[in-house]
Amino acid sequence: MNSPADGTSRRRFLQFSLGALASAAAPSSLWAFSKIQPIEDPLKDYPYRDWEDLYRNEWTWDSVGVMTHSNGCVAGCAWNVFVKNGIPMREEQISAYPQLPGIPDMNPRGCQKGAVYCSWSKQPDHLKWPLKRVGERGARQWKRVSWDEALTEIADKIIDTTVNRGPGNIYMPKRPFAVISNTAYTRMAKLLGAISPDVSSMTGDLYPGIQTVRVPARTVSTFDDWFTSDLILMWHKNPIVTRIPDAHFLMEARYNGARLVNISADYNPSSIHSDLFVPVASGTDAHLASAIVNVLIAGKHYKADYLKEQTDLPFLVRTDNGKFLREKDFNAEGSDEIFYVWDTKTGKVAPAPGSMGSKDKTLSLGAVDPALEGTFKAGDIEVTTVFERLKKEIAPYTPESTQATTGVHPSVVRQLAGWIAECKALRILDGYNNQKHMDGFQCGRLKILILTLIGHHGTTGSIDTTYEGWKLEGGKALGTVEGRPGRSVSAVLAQWVWGEQYKRSKAYYDDGQLRAELGFGVDDMEAMRLESEAKGWMPKWQSIKNPVVSITGGINMFATSNGYENLRDNFLKRCELNVVVDFRLNSGAMYADIVLPAAGNTEKLDIRETSVTRFIHAFGQPVKPMYERKTDWQILVALAAKIQERAKARGIGRVEDPEIKSFIDFDKVYDEFTMDGKVAGDEQAVRFVMESSKALGPGTYEEAMTKGFVAVGPSAGKTAPVPKDKPYRPFTVNVTDKKPYATLTGRLQFYVDHDWFQRLDATVPKPQYRGGVLGPKKYPFVRNSPHTRWGIHSFARTEQWMLRHQRGEPDVRMNPKAMAAKGIKDGDMVRIFNSSGEFFAMAKAMPALPENMLFTEHGWEQYQYKNMTHYNSVSSELINPLELVGGYGHIKFTSGAFNPNRIFYETTVDVEKA
Ligand SMILES: Nc1nc2c(c(=O)[nH]1)N[C@H]1C(S)=C(S)[C@@H](COP(=O)(O)OP(=O)(O)OC[C@H]3O[C@@H](n4cnc5c(=O)[nH]c(N)nc54)[C@H](O)[C@@H]3O)O[C@H]1N2
Ligand SMILES: Nc1nc2c(c(=O)[nH]1)N[C@H]1C(S)=C(S)[C@@H](COP(=O)(O)OP(=O)(O)OC[C@H]3O[C@@H](n4cnc5c(=O)[nH]c(N)nc54)[C@H](O)[C@@H]3O)O[C@H]1N2
Ligand code: SF4
Ligand SMILES: [Mo]
């Protein structure tokens with residue numbers, strides 16, 4: 001701010017300069033206005049001009065290629081890469097996406113992390129050649145080795161492990177967001193009978209709660225569809241930060257009249273753009289959602305006809321045992337997958353069409369008009385409806401009664417419920433954060449119930465969880481080897497056992513508190529895990545195998561999970577050869593025995609298929625892999641060749657794998673991997689996927705590699721066709737064509753009568769427990785660790801320009817009042833701790849946080865922290881037993897869909913000045 005003195009001096013200066021100008025101009029002024037003075041080149045006599053060419057040269061290039069990024073950003077954006085002297089110099093967004101009628105333009109797509117990729121890829125953490133550990137694990141002492149040396153060691157260890165300890169002791173977690181790169185690991189795992197963990201549950205990105213309601217849970221509209229909404233709930237989601245290329249559709253929807261609501265535990269960057277911000281206490285969203293459902297039901301704000309046809313809410317439930325009324329209740333030979341409704345027209349029970357056991361593959365009720373409410377007699381059996389049960393169980397959760405738990409004022413709940421009741425097109429952006437809380441399972445069921453009650457699921461709205469990927473038959477074929485299933489596991493369960501997370505959780509959590517709040521403690525979780533495995537619900541490989549050889553591609557091993565060091569140390573005890581394939585040295589690579597340098601995004605020939613837009617994006621390999629890097633596909637092709645070569649030389653042959661009715665033919669690993677050479681090259685593999693997929697087909701490879709993207713055809717949608725002139729919306733055919741859902745009841749299923757759901761009092765969607773964060777109460781702060789604007793997880797987290805936009809090192813944010821109470825000042829180094837670990841970070845004041853929250857953004861590398869600590873050093877694992885259930889129609893272990901999801905947000909901590 002200017003001081004009064006500044007003002008005077010500034011005025012005086014102006015007076016002086018104007019005066020000077022006037023007198024200087026005076027003698028020649030007449031001349032100046034009467035005649036245009038010729039301007040000569042002012043730089044004519046300037047001596048040194050060559051430097052200017054430096055800048056001009058910087059903006060010249062030899063060639064341009066297309067690229068996208070292979071990180072977990074959920075997007076997919078088309079970029080041009082400008083190449084000079086064989087080096088990718090810089091990138092620029094391609095703004096050539098076609099526009100749909102009546103929908104805002106999506107050009108250009110991208111984010112700041114994408115914009116610095118070429119700069120980042122030249123930093124020293126990017127790998128150049130294979131490395132072998134020479135010091136202790138984690139000591140970061142390496143020697144450069146040749147590919148032949150590295151691959152021979154890996155191949156021999158794979159063969160020895162399989163021959164000496166039996167198949168299934170090879171572990172292959174992977175997560176590159178590029179089809180060929182990713183499928184390389186899938187295909188190899190099938191051929192070797194290796195263990196493939198569900199990495200989506202490992203990251204906490206599953207939606208098992210919603211999977212009990214609809215199949216698949218994980219699907220989205222294309223994000224341009226947001227524009228068609230008049231009410232958008234951003235719930236557990238911060239799209240301004242985590243959906244950067246698409247967030248403009250929210251603003252445009254708002255400009256078009258939509259209301260935006262943000263429901264979050266912190267006042268986040270998306271809250272700022274909302275018409276209503278709902279500040280919910282951490283981990284209590286199921287209570288808030290129940291209150292909304294309660295208000296909708298009490299006010300009869302639901303669409304009865306829609307519910308009767310599309311949901312199980314009219315299905316009959318026995319009052320004596322809480323089980324669905326089934327055909328086998330009338331006839332011992334009857335099906336237990338045929339269910340009934342009460343037909344108000346005939347006053348009798350009528351079988352509901354469309355269930356798993358029903359021959360009628362339709363939702364159409366014909367002449368039957370099911371009752372939604374009431375109690376009836378089916379012969380001797382007293383029955384009521386699911387809706388009746390739901391109403392009764394949800395009734396206690398009113399806006400008033402939940403206020404003490406959620407911290408949300410009843411007037412806000414009623415206002416929101418009112419908006420929901422009157423909206424014409426509801427969109428729920430269900431954040432990935434939801435199912436990372438213990439209450440997320442039930443909260444997910446409640447959220448989809450809200451959308452369903454008002455009749456918008458599959459019609460005028462959607463609940464967007466996560467993209468499912470487009471249907472690409474070619475991709476599936478590349479990842480499949482006939483008769484060779486491989487071994488799927490839940491990553492959380494695998495890490496629970498191999499990482500001995502159970503012991504750590506038991507030491508950290510207060511079992512009495514857990515039992516009082518949840519009805520079960522850590523011991524019960526372990527007992528139920530064993531029971532689930534024994535019953536064959538969840539795969540048991542973690543209990544009978546070890547990750548003797550581990551090959552990780554595109555995951556930040558350990559850092560991404562709970563209980564970092566504990567997991568790492570216990571896992572490494574069981575792992576004799578730890579191989580990491582990455583384009584840079586991430587935190588996980590520090591603990592590798594061998595690191596293999598993958599081609600980076602400018603060096604890849606591949607495609608990305610995230611279904612948040614209708615476009616498949618291309619990695620067009622603007623440059624060939626530099627140094628000794630290889631694409632993931634070529635790494636696995638080379639490994640396959642080496643295994644085959646070594647096996648033949650050693651006379652290994654075929655190893656039977658009866659546990660999975662499979663075998664490993666070591667003499668043919670390369671031949672099988674490459675389909676006898678048909679897909680040995682990158683281009684061959686990409687063409688194989690694109691040209692043998694109905695939604696793409698011939699010509700699309702060329703189009704994608706030239707333009708950077710190509711649109712998918714109508715058959716790409718997994719639950720609905722992709723329209724030519726409108727955004728894609730899932731599950732529309734269930735409404736338009738009365739197509740049954742792939743659930744046990746064939747409906748959007750809100751009642752689960754599985755024994756465990758009964759035992760855990762969770763047959764209907766309602767809060768599972770009293771709510772709130774489950775970490776021990778003796779630690780006063782809730783740890784919130786959501787995603788950052790300045791990285792995609794660890795992608796670009798070390799990038800110099802991104803660091804300049806922050807403090808250049810990991811920070812931890814607190815409410816200023818909480819800081820004052822602890823004697824902590826902005827910029828102080830603090831220690832965050834609990835009984836399971838600690839980490840150090842710079843304190844940063846953030847008034848947008850509740851006073852009991854410690855906010856630390858996810859994605860920093862371990863080596864960026866003081867003392868090599870990490871934000872996941874303080875967290876311990878919990879398992880929601882509802883996610884261990886199986887043997888029940890659609891509720892069963894499914895990789896990428898149903899198994900225990902990682903719970904990151906049940907940690908409490910304390911903090912002190914370091
Ligand atoms: N820039 C960027 N974009 C990304 C990513 C990235 O790392 N960086 N990662 C991508 C991936 S893989 C994912 S999974 C997504 C994740 O992105 P989102 O789905 O947006 O999830 P989060 O960032 O975990 O959390 C969203 C918000 O929920 C708040 N929150 C925390 N606890 C609670 C609670 O109890 N109740 C409620 N209602 N809110 C709570 C958080 O503070 C945060 O404001 O982002 C994707 N996009
Ligand atoms: N506390 C806390 N922890 C969390 C979360 C949270 O909210 N809070 N969020 C969780 C979530 S949602 C997620 S998705 C995970 C993310 O966890 P990770 O998936 O482990 O995320 P990244 O750190 O991006 O690690 C991916 C690695 O893959 C490499 N890579 C990228 N593309 C390729 C490729 O094509 N080939 C190969 N070989 N490598 C490649 C990158 O260089 C990077 O090192 O973290 C989880 N952890
Ligand atoms: S990192 Fe993701 S969001 Fe950013 S430009 Fe690349 S593909 Fe787009
Ligand atoms: Mo994620």
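The C-alpha centres of domain 1 and domain 2 are 46 Å apart. The chain's domain assignment, whose bounds come from an automatic or database source, places domain 1 at 304–393 and domain 2 at 781–913. This is a predicted model in which local features need pLDDT of at least 70 and side-chain atom pairs count only at pLDDT 80 or more, while totals for chains, interfaces and linings use all residues. Residues are numbered from 1 along each chain as its sequence is written, chains are lettered from A and ligands numbered from 1 in the order written, and side-chain values use heavy atoms, with hydrogens and water left out.

**Ligand 1**
- Around ligand 1 there are 34 residues (a heavy atom within 4 Å), of which D266, G283, D285, N784 and G791 come nearest.
- A polar side-chain atom of N784 lies 2.7 Å from an oxygen atom of ligand 1.
- The protein covers 99% of the 920 Å² of accessible area (Shrake-Rupley method, 1.4 Å probe) that ligand 1 has on its own.
- The shell consists of eleven nonpolar, 16 polar and seven charged residues, where Asp, Glu, Lys and Arg count as charged, Ala, Val, Leu, Ile, Met, Phe, Trp, Tyr, Cys and Pro as nonpolar, and the others, Gly among them, as polar.

**Ligand 2**
- Of the 30 residues around ligand 2, S70, N556, D582, N586 and S794 come nearest.
- A polar backbone atom of N556 is 2.7 Å from an oxygen atom of ligand 2.
- Nitrogen atoms of ligand 2 are approached by side chains: an N or O atom of N872 at 2.8 Å and a polar atom of R783 at 3.4 Å.
- The protein covers 97% of the 920 Å² of accessible area that ligand 2 has on its own.
- By class, its shell has ten nonpolar, twelve polar and eight charged residues.

**Ligand 3**
- The residues around ligand 3 include H69, C73, C77, C111 and P245.
- Six nonpolar and six polar residues make up this shell, with no charged residues.

**K436**
- The side chain of K436 reaches the backbone oxygen of Y432 at 3.2 Å.
- Leaving aside neighbours within four places in sequence, K436 is in contact (heavy atoms within 4.5 Å) with residues including D205, R902 and F904.

Methods: Polar contact = N/O pair within 3.5 Å; in protein donor to acceptor, adjacent residues only side chain to side chain.
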